[in-house]
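Have the sequence and the 3D view ready.

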Amino acid sequence: MKEKSFTAKYKEFMHKLAKNYKSIEEFNYALMQEFPSIAPEYSIGKFVLHFTAPESMYSKHGIDAVLDIFTSDNYSENGIFEKTFTTGENGTATFIFYPDMYTVWGDDDKEELQFFAEQLFIYCGKARLMGLIRVASTHDSLTGALIYKELFRRGGIMVARGTLSKYSAIFMNIKNFKFINKTVGNNYGDDLMAEFAERILMFLDENESLTRLGGDNFVVLVLTQRLDNFISLFDDMMIEVNAGDKHETFKIEVRMGIYNIKPHDTMPNIMNCVAAAFAVARMGIYGDHVFFKESMIEHEIESQKTIIKFSKAIKNNEFVVFYQPKIFTDDLSLCGCEALVRWRIGNEIIPPGKFIPILERDDSICKLDFYVLDMVCRDIKEWKKQGITPVRVSVNFSKNHLVTPIFAKTILEIINKYSIDPRFIEIELTESSSFENIERMISFISTMRRAGISVSIDDFGTGYSSLSAIKRLDADTIKIDKSFIDGIGKKDDQIILKNIVSMLNDLDKQVLAEGVERDVQAAYLKNIGCDVIQGYLYDKPLPKEEYTKRLIDRDWYKAK
């Protein structure tokens with residue numbers, strides 16, 4: 001052995017490669033720059049490095065790169081020396097050395113070349129590891145998106161450079177992701193989220209970014225001039241999940257809070273604004289894509305106060321149940337009621353519109369719904385004890401319950417706790433909740449009906465109206481939304497309402513009209529075959545004591 005590996009040039013060469021390179025790409029560039037100085041020592045005319053790495057959480061598409069590190073004018077393709085090493089991530093690094101035209105390598109030379117390749121592989125592996133560590137410290141392992149800390153770091157640089165005001169910030173998540181997770185399982189739900197993020201990353205330009213905040217919550221920085229194109233990315237997004245033998249395809253819909261960044265904004269201010277817009281988007285009142293307005297900051301502060309107060313309020317029994325009667329159209333007798341929750345703070349009664357949408361954001365609404373059911377069962381037991389025969393009470397449940405496997409079980413446990421006859425309870429869900437999760441709804445309704453509990457679909461006509469889906473759900477009662485009742489007196493609206501009631505009757509559903517306020521509305525509804533009426537024409541929501549009088553005198557409304 002000629003001990004070329006211990007010459008001054010060799011030591012100088014290796015010393016330069018021993019630096020802490022941030023990535024394999026940076027190392028390879030340095031290798032290209034430095035290799036010409038060492039090539040003559042080994043009579044190398046050409047050096048090719050073939051590097052592979054499998055797909056992984058930190059390398060979504062893997063690596064398969066063939067790099068021409070060094071090429072002289074006088075290399076030979078005869079007597080090539082090739083050495084392959086396996087990396088710690090089950091990839092490979094293959095070092096291919098071509099001799100110059102005047103050299104034939106002997107055994108000693110090849111031994112030195114192998115030692116040389118081994119040293120290069122050590123530094124190559126070190127650079128790859130440094131790169132992976134760097135990616136791991138700045139990127140989410142599941143999706144490849146940035147982490148929150150890195151978003152702030154990059155955003156701060158863009159603020160300093162004065163370029164961030166060219167961008168819009170978007171706070172977004174996947175609608176009904178909990179349902180997707182429950183349908184295919186968490187692992188396959190993760191696969192869907194990774195594919196979702198990959199679609200976004202493929203759209204984004206070099207200086208745009210995707211950040212994962214946790215769960216299915218993301219923040220995107222996109223050039224404002226490309227904002228419309230980004231929003232349209234989700235118009236028809238379909239993602240297929242192969243969950244073992246089960247193949248599910250999901251239409252991806254997203255909620256977005258959007259903020260067009262201003263010249264002097266800081267990252268904390270940007271995040272506050274975009275989070276406030278997203279909070280409004282989650283409420284679903286103004287659509288799924290909501291642009292920031294200054295008033296939203298104050299609204300978000302009040303919302304957070306409400307959420308903080310909730311736990312204490314429910315312990316202190318600040319929530320009270322009011323009952324709004326339901327009346328048969330044929331004889332005006334009391335046939336049921338709806339339990340409606342109010343928040344009593346001191347002498348003030350807070351209507352549900354002020355707190356229900358807020359509580360739905362963090363699933364506090366689920367606790368409140370079960371609280372109301374418990375109160376209703378307690379009242380029914382008390383009425384029975386007093387010798388008063390109750391009528392069926394409908395209790396509203398948020399769509400948030402539909403992703404909970406113990407939804408039906410918890411309802412039955414509460415009813416059984418008070419030994420209530422199930423025929424006195426009706427579970428009410430909105431149309432939008434049932435159609436977003438129709439398969440789960442079918443199972444839930446089946447469980448309720450086997451237990452003797454009725455189910456009603458509220459606000460029919462405001463969401464994805466489908467009579468065929470109503471038939472599949474097999475609910476007992478369909479509530480026609482007030483917007484249809486307000487149309488009574490207008491010919492076209494009456495034709496639509498009449499046909500809806502007729503078809504629901506044909507499907508053998510009880511039809512209830514809510515929001516009835518005028519005699520002419522009640523008369524028309526009775527004429528077209530609507531079974532039950534609920535509204536201010538007969539009674540507003542009543543406190544328990546006042547409603548009890550209606551239970552005692554069932555002919556109350558006939559005398560009005």
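The charged end of K46 sits over the ring of Y98, with 5.2 Å to the ring centre. To count as sitting over a ring, NZ of Lys or CZ of Arg must be within 6 Å of the ring centre and within 35 degrees of the ring normal.

A word on what you're looking at: this is a predicted model, where local features need pLDDT of at least 70, side-chain atom pairs count only at pLDDT 80 or more, and totals for chains, interfaces and linings use all residues. Residues are numbered from 1 along each chain as its sequence is written, and side-chain values use heavy atoms, leaving out hydrogens and water.

The structure holds 35 aromatic pairs; rings of Phe, Tyr and Trp (its six-membered ring) pair if their centres lie within 6.5 Å, and planes under 30 degrees apart count as stacked, over 60 as edge-to-face and the rest as tilted. Here are two of them:

| Pair | Centre distance | Plane angle | Type |
|---|---|---|---|
| Y259 and F292 | 5.3 Å | 85° | edge-to-face |
| Y538 and Y557 | 6.1 Å | 90° | edge-to-face |

Y259 lies in strand 10 and F292 in the loop between strand 11 and helix 9, so this pair ties together parts that are 33 residues apart in sequence. (Helices are DSSP runs of H or I with at least four residues, strands are runs of E with at least two, and both are numbered from the N terminus.) Y259 and F292 are both buried, which means under 20% relative accessible area, while exposed is over 50% and partly exposed is in between, using a 1.4 Å probe and protein chains only.

How buried is Y557? Its relative accessible area is 1%. Y538 has 14% relative accessibility, so Y538 counts as buried too.

There's also an aromatic cluster, whose members include Y10, F13, F35 and Y42.

Next, helix 14. Its 13 residues, 438-450, should span 18 Å at 1.5 Å a residue, and the end C-alpha atoms are 18 Å apart, which agrees. (The expected span is 1.5 Å times one less than the number of residues.) The buried residues of helix 14 are I438, M441, F444, I445 and M448. They cover an arc of only 115° around the axis, so they sit on the same side of helix 14; the arc is that of the directions from the helix axis to the C-beta atoms. After helix 14 comes G452, with a positive phi near 85°.
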